[in-house]
Amino acid sequence: MKRTIAYISVLVLALGTFSNCKKDFLDAKPNKALLVPSSLTDFQAILDNVTVMNTTVGLPNIACDDFYRSDANLVAMSAVVNNTYFWRENIFDDLSSNDWDVPYKTVFYANVVLDGLALVARNEQNSAEFDRIKGSALFFRSMAFFHLSQMFAVPFEASSAANGFGIPLPLNSNVNNLLGRGNLKQTYDQMINDFTVSFPLLPDRSKSTNMPNKCAVYGYLARIYLIMGNIGNAKKYAEEYLKITDKLIDFNTLNSSAARPMPNGGVANANEEVVFALFLNGYAYDSSTTTFVQPELYQLYEDNDLRKVCFFADRGNKNYTFKGSYFASTSSFGGIATDEVYLIKAECEARLGQTTVALDYLHKLLLTRWRKSNAGTSTYIKKTAVNSTEALKIILQERRKELLTRGLRWSDLRRLNTLAGAEQSLVRNNNMSAYILIPNSLRYTFPIPLNETLSSGIQQNPR
Amino acid sequence: MKYFCILFFLLPWCLDALAQKVVRGQVVSVTGNKPLPKASIYLEPQHIGIPVDSAGRFTLHSISPKSRLSVSHLGYITKSILLDSVSDTELIVVLEEQVSQLEQVTVQTGYQTITKERATGSFVKVDNELLNRRVSNDIISRLQDVVPGLTFNSVATPVANQTSISIRGQSTLSSRTDPLIIVDNFPFEGDMNNINPNDVEDITILKDAAAASIWGAKSGNGVIVITTKKGKLNSGPKVSLNANLNIGARPDLFYLQTISPSTFIDIEAELFTKGFYNSREASVNKTALNPVVELLIARRDGKLSSEVADRQISMLRTNDIRKDYEKYVYQLSEDQQYALNVSGGSANQRYFISAGYDRNMPNLKGNMFQRISFNANNSLYFLSNKLEVTTSVYFLNSNQTQNNNQGINSAAYSTLYPYAQLADGEGKALAVTKDFRRSFTQLAEENGLLDWSYRPLDEIGMADNSSKQNEYRINANLIYKVIPELSLAAYYQYGHNNSISRNRQDVETYFTRNLINTYTIASPDGSLQRPIPMGDILDQRTSITTNHHVRAIANFDKSWSGVHGLNAIAGMELSDRKQAANGYRLYGYDGEHATSQMVNYISNFTSYINPAQTTLRIQNNDSNSELIDRFVSYYTNMAYNFRGRYTFSASARIDNSNLFGVDANQRGVPLYSLGLGWEASREDFYELDFLPYLRLRLTFGYNGNVNKSISAYTTAYYYGANSYNLPYASILNPPNPELRWERVRVGNLAVDFRTKNNRIEGTLEYYRKNGIDLIGRTPYAPQTGITTFVGNNASTKGQGLDLSLVTRNTVGKLKWTSNILFSSLNEKVSKYGDRVSGTTGYLGTYSITPTVGKPIYAIYSFESAGLDPINGNPRGFLNGNPATDYGAIIAASNAENMVYHGSARPTIYGALRNTFSVGSLSLSANISYSLGYYFRKESVNFDQILNGNGGHSDYDLRWRKPGDEVFTNIPSLPMATNASRNLFYSNSSTLVDKGDHIRLRDLQLDYVFQKRHFPNLPFQQIRCYVFINNIGIIWKATDSKLDPDYQTRFALPPVRTYAFGLQVNL
């Protein structure tokens, strides 16, 4: 029996020794063709997937009041476009929506990269690249959260942010974790936190506009703080941005008769205003030759304003369509560009009572938008205002005129509704009946697609 | 390697020792003191064979006092005599005759041998005699109709190295469906043709959890344990030779119902009148036009008088390609098989050596399969039989020639028109129309391009397409008995397979000529440039698979005064399988000098045929792949027996693999089983005289199944460049740390019984088999970044009965035995998240159609509302009304509102084998049946007809005028092609029928000449046998003329074969 025990001990010992090397043995990749992203190059390649990383929600452009379609022309549009256009209770008839799926895919890709980085050792040789990739992933994740929040979370109000519904915030790539909606404060805190962590890791500007950079982060932080009503911070980040770049396109250099007069911000650095390129999901709406700019908006552009000819194509019968995308194509641009930052800076100054500074910044922007005389002097006459309220009104109008189709109008409407005196009702006419979106309507928050609520059980937005 | 072999064979004979004494003796039988001249005598332990004369006498010189004599004879009990006790002079060895007794049936699990009467699990043993009843060159087909619950499925395209067998249904949706095959202790994952059936001793099928869960994550589809032949201790050398010839009929090419060549020509003529070919005539791709169309064009253009044209056309009407095919492409198949083996053993050594040769000439002329196999195993016993050392070598070489790719199921056949003529009166190959119009190719040839004509029969002769395999497996096993109750063992196997497939397409073959011509650049001055160089095109693919299996196992077996018995094993196992493959193509290959020429893979070329096509690239056929499959497993199995009546068994296994990822391995959930056995007939209170044996068994447990197609890791795919000219990647597979193997939960309740005198013997088993954690697709919350999740989220539920009965109907001079197998199976998908995409996803016959509450393979159809009496259009239902808006009907259809007919696979199946024997003659016939399933009949595809491509002969029975709908279900010929109408009709309920049928599978006749009946016979025994396979259908539920299981040209019914064989034992 003693011998038996001895034999068994030897066997056990042998097995024990073996199990030490077992991990390596079982770590072999089952198929060499399988690419398991694990190097910084792999992560960069994932972040360079423009169709996932640089694409976000597109329906807000349809829900806002800048464009319209005739009854007859609406028929040609999809059900989702029609539902959005009339702010119907149900938007996503076919269960799913790219406006929900794509930004979350962006988040997922960013999380794959962040989880993967945790397994890569950061050292002297790779630290610069490592940091840039980490900062980029954090940026992309927050960027996607931001655009989701503007559609699917209720409009921000500091007083009720702890109660309102936020959006699910996946922070790792494990798809088995299903999250609830949390509250609005958590959503905004997460975005601000990630953006704040990311900017020290990023370069001032990036070699191509699909890649995140400090300017892009400042742009987003300025946007978010403006929406939150934190004017001080919005101004601060707008200024940080303008320290790095304040170059604007002089519209006098553009060929206004071209089909697409704008330089393309979606390749390398052709458009000097664009620091971060972001495509908005296309619904063949903005780009349609039968989606016309609202006449009252068009009327706001004065004749010497080059945007009148650079942004719009005449379709006859006093109908005008938009041709001024910063992608120089039918795709809508929703990224960060310097013109927006000027307007944020101007708005902040006005809200802080600095009428002169505010109008100075507006002036700097509009000088590049207006026609120059042959002598090279601008036809633009600097706007004046008796007080900051009037200045603010001018600035907001210029903001709408400058930033149309950028997906920002919807956020602005949500934001302005919460400010006394700035709220407004939107009206759509169809078949002789009028549809009205009243200020602070629940319809300012999109419903969550059914494939999400059915699968994860998260709460639906009341409409 | 060479030295190893020499050593291997010499080892047993190197053990001679010095000898000292003289003994004379004689071997006689106990009855009548008859001398036994055929006795074999060995001096042990030296193991020296002693010659015996015709009177059974033998003489021994100089023997050591400790030697023993081992005396054996066929039919007698072996005797061992210690020579120490022998005084001197005459030694009479009296052998007692062996009394035939009921042999205890033992089954193999691949880990241990257990007696069936002590097992709790569901084991089916197929013994050597039953395996040899059928004649085939593979082993797996010999399991057909002899194992309850085991079926051979009809599959669209068989998966390489898989058998398409299922045991008790298929408890998986997307993972491996094949049972695990074990050959001599270890999993065998190669080509099943690489096992010579003549080397197989027996097969055990493990069906339930208690039987199979010792095999863990790979056991979900059941396990087939193949045990090869071994020598026996203390038996003289036995030599056995088996030879057979198996002749197969030519396949019936008229089996498939297609329109006659004459009808085909009529259709072409009509299409021509309608102007259908006008666009093809002007085709920029110079698309070929069949001869009749060309004749009609020539007549129209006045190049041929209508008289001549008509005469030529009516001559073409008499052609039928199937006649040419029967004559020139097909032949009788002829398979030859030879197998020789020698086996034997002494008191401390046993061996088995075999060689086999197979040569198959299949029905397709020009193809061939050859296999040579060698097998040698040798066991030695040391340290007073405490240590057993076994070494074995298995070598196989096979060579498959695939020169005839013109079969009726080939792509080449599908482009031929039914009136094509393959050869002239003298059998000389003729050109047929293919790809391009003759007017174009003629002009091209005049301009210096290569001959562009296509002669199918020449292609067979010129082909040089073969695949070769060299495979060897080396086993080394050590078993050491520490104490009588405990043994420790180590097993090792190294396997190596080297496969090379080589397809040299000669420069004279159409493929090569066509490719060279297509890329040829003709300069304005008439000179030609050939980007694809003149010469052969060689495609070669090499695949090397190696595997290592190592096993350590401890075996404890003890009985306490016959009351308690305990048998337990535990151990670990490691396996490592690597498969590396690479392939390449050489252009301009010169076989004589083995040289090739470079080609430009990068540039675009302009097609010679259609100059508008400017972006042709030369195909690069280089490939490379490497797969690694590793497992580390721990297992244990124990059985406790009380008073021989009660058996309790338990087993557990943990598998860790490189497929699942670290997390799944760390969780290490074991797959386990529990079992109970109760032999009621041993109880004191048991009084059923007519049923002397009754045993109940109950088991429960889990088996696993592996899916190699998905990964626990995040996987990505690289793309060239995004809009910024940067390479970018897409994520294909999200990380799934919770990925785990699929599990099959099996419960099995069984009764084994035997009536008095063994007249009826049988086993009835009821089982439930639920697939859980199956890999399936399910819609997923998009907040995770994915909208469809492929993971462990589907399940199936199944239950069934397996009955096997042996009835010995007469036992006198004429013995009549019936073996009855009956299986029923009801299997349904119980959880599946995603819908099959689109309506058409439900219309496949061989593809899975997972819908909750329905079988995995189900037949759905569009409900037919009969033919429209006005125009003969097929009608379906839309919103409850007969309708012909096919697009809308198809769009509105889904799994809920389509007609669900039933399972596409038999739900009741089995076989009845009757064996009659008188003396040495026996005759057996196997009848098999498959019931409770549906199939889709083929019918005419009108789009194909309207495109001039012919089709099913239902065309002749179509609706032509109002009133026809009374007697035909076949729609009218539409005015124009209409894909939706076709899709609707070919999947409408009128074309679904019951597949139930009974077929006479085979007949076997054998006669055994025994030496004892024919004393002049130079051998111990000769067995002559005749085996006829695939005899035909006896009954079928459908009135379709075709076999329900063989409906398309891709699956012609197997031909009837006649085998004749001899088995000689020396």
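Mentor: Contact here means heavy atoms within 4.5 Å. This is a predicted model: local features need pLDDT of at least 70, side-chain atom pairs count only at pLDDT 80 or more, and totals for chains, interfaces and linings use all residues. Residues are numbered from 1 along each chain as its sequence is written, chains are lettered from A and ligands numbered from 1 in the order written, and side-chain values use heavy atoms, leaving out hydrogens and water.

Trainee: Is α6(B) roughly parallel or antiparallel to α7(B)?

Mentor: Helices are DSSP runs (H or I, at least four residues), numbered from the N terminus. In chain B, α6 (residues 291-300) and α7 (residues 306-316) pack at about 170 degrees, axes 9 Å apart. Angles over 145 degrees count as roughly antiparallel, so the pair is roughly antiparallel.

Trainee: Which α6(B) residues meet α7(B)?

Mentor: On the α7(B) side are B:Ser306, B:Ala309, B:Asp310, B:Gln312, B:Ile313 and B:Leu316. Facing them in α6(B) are B:Pro291, B:Val292, B:Leu295, B:Leu296 and B:Arg299.

Trainee: How much area is buried between chain B and chain A?

Mentor: Buried area is the accessible area (1.4 Å probe) that two parts lose on being put together, summed over both. Chain B puts 54 residues into the contact and chain A 59. Carbon and sulfur atoms give 64% of the buried area, which totals about 4,700 Å².

Trainee: How many salt bridges lie between chain B and chain A?

Mentor: A salt bridge needs a side-chain nitrogen of Lys or Arg within 4 Å of a carboxyl oxygen of Asp or Glu. Between these chains the count is zero.

Trainee: Which element gives the most to the side of chain B that touches chain A?

Mentor: Strands are DSSP runs too (E, at least two residues). Elements giving two or more residues include β27 (564-590) and β29 (623-642). With seven residues, the top contributor is β29(B).

Conventions: Axes are lines fitted to C-alpha atoms, for helices over the stretch in contact, and angles run from 0 to 180 degrees between N-to-C directions. Angles under 35 degrees count as roughly parallel, over 145 as roughly antiparallel, 65 to 115 as roughly perpendicular and the rest as oblique.
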